[in-house]
Amino acid sequence: GVVGVVGRGERCVALRADMDALPVRENTGAKYASKFPGLMHACGHDGHTAILLGTAAVLKAMEGELGGTVKLIFQPAEEGGCGAERMVKEGVLESPKVEAIFGLHGWPGLKVGTAGTRRGPMMASVDGFRITIKGVGGHAAAPHTTVDPIVCGAALVQALQTIVSREGDPTDAAVVTVAQFNGGRTFNVIPEAAELQGTVRALNEGWRRKILAAIERMSAGIAAGHRCKVEIEYFGTTPCTENTGAMAEFVERTAREVLGAERFQWLEKPTMWGEDFAFYLQKVPGCFYALGVQPVEREGYPTLHHPEYDFTDGAVAVGIRMMSELAVRYLRG
């Protein structure tokens, strides 16, 4: 990560941008498309970084008028690597101590020139899981001489889908998705092992813990029923991103005054996307907000992590204005 500091004084506010890409093959056709096959900015972090660089230039030009310190946090490894957690542990919120923090994300559902946020939960918690099922391999024509991890894995995929639908309160949003099923290398050999990978999303800690316990219970029971052994590993764990109420209202006031009263909206529902900005919010008050990237003339726009997603250039100046104003207004009280 990289941290820039503008201004001076004990009062300190932080602004954060993430700066990693994704293993997605780009299909935007843009002149500035990725030069690396299979890698692209499918979540718009290039736009986030451009905004914070522009904000740095604005704040540096008025450094003597700030009345405090602004930390500009350029953070890697948001996409599953928990880079925010690492930077917090290494002291990014200290020396001087950060009083409040703000971050943004390009939002395909909002038009360019607009912004939105929520009080409380904004984005879901994230747990990646890897379930390794171990059996006994052998000839596909003689399954009775094997312990088949593929059949066990198929049963487990089906069972995991009942956790949300049958064990949770329907009013508590959650997602359990198995996104990978890997096992075997040829058509006539039953492999020794199979692997499932997926993600869990939840909007409160209690429900999240129940889901993880259910995954372990089901995995152990189904594996035993199929004479297999099972191992579970969790990774990329990120808590729920919960905005501080007062900071969300501060973003609202700023957006209405800077962009126009009609260009801010309270987001009705949280999203099941995850964001490791949550690690900062566990330590200091702050707000994560949505910045519109959908061109005004378009009715729809590719969603995040889509091969055709592109951070609209017109949103960059809007983001710079918002971030600069948030920092200046906060330090001026």
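Tutor: Let's start with a term: buried means under 20% relative accessible area, exposed over 50%, and partly exposed in between, using a 1.4 Å probe and protein chains only. This is a predicted model, where local features need pLDDT of at least 70, side-chain atom pairs count only at pLDDT 80 or more, and totals for chains, interfaces and linings use all residues. Residues are numbered from 1 along each chain as its sequence is written, and side-chain values use heavy atoms, with hydrogens and water left out.

Student: Why is Cys82 called buried?

Tutor: Its relative accessibility is 10%, so Cys82 counts as buried.

Student: What makes the phi of Cys82 worth a look?

Tutor: Phi of Cys82 is near 55 degrees, a positive value in a residue other than glycine. Most residues other than glycine have a negative phi.

Student: And Ser95, buried or exposed?

Tutor: Exposed, because its relative accessible area is 72%. Ser95 also has a positive phi, about 55 degrees, though it isn't a glycine.

Student: What kind of peptide bond joins Ser95 and Pro96?

Tutor: A cis one, with omega about -5 degrees. Most peptide bonds are trans.

Student: Why does Thr146 count as buried?

Tutor: Its relative accessibility is 2%, so Thr146 goes in the buried class.

Student: How do you know which polar atom pairs Thr146 with Pro143?

Tutor: A polar atom of the Thr146 side chain lies 2.8 Å from the backbone oxygen of Pro143. For a polar contact, N or O atoms must be within 3.5 Å; within protein, one must be able to donate a hydrogen and the other to accept it, and residues adjacent in sequence count only if both atoms are side-chain atoms.
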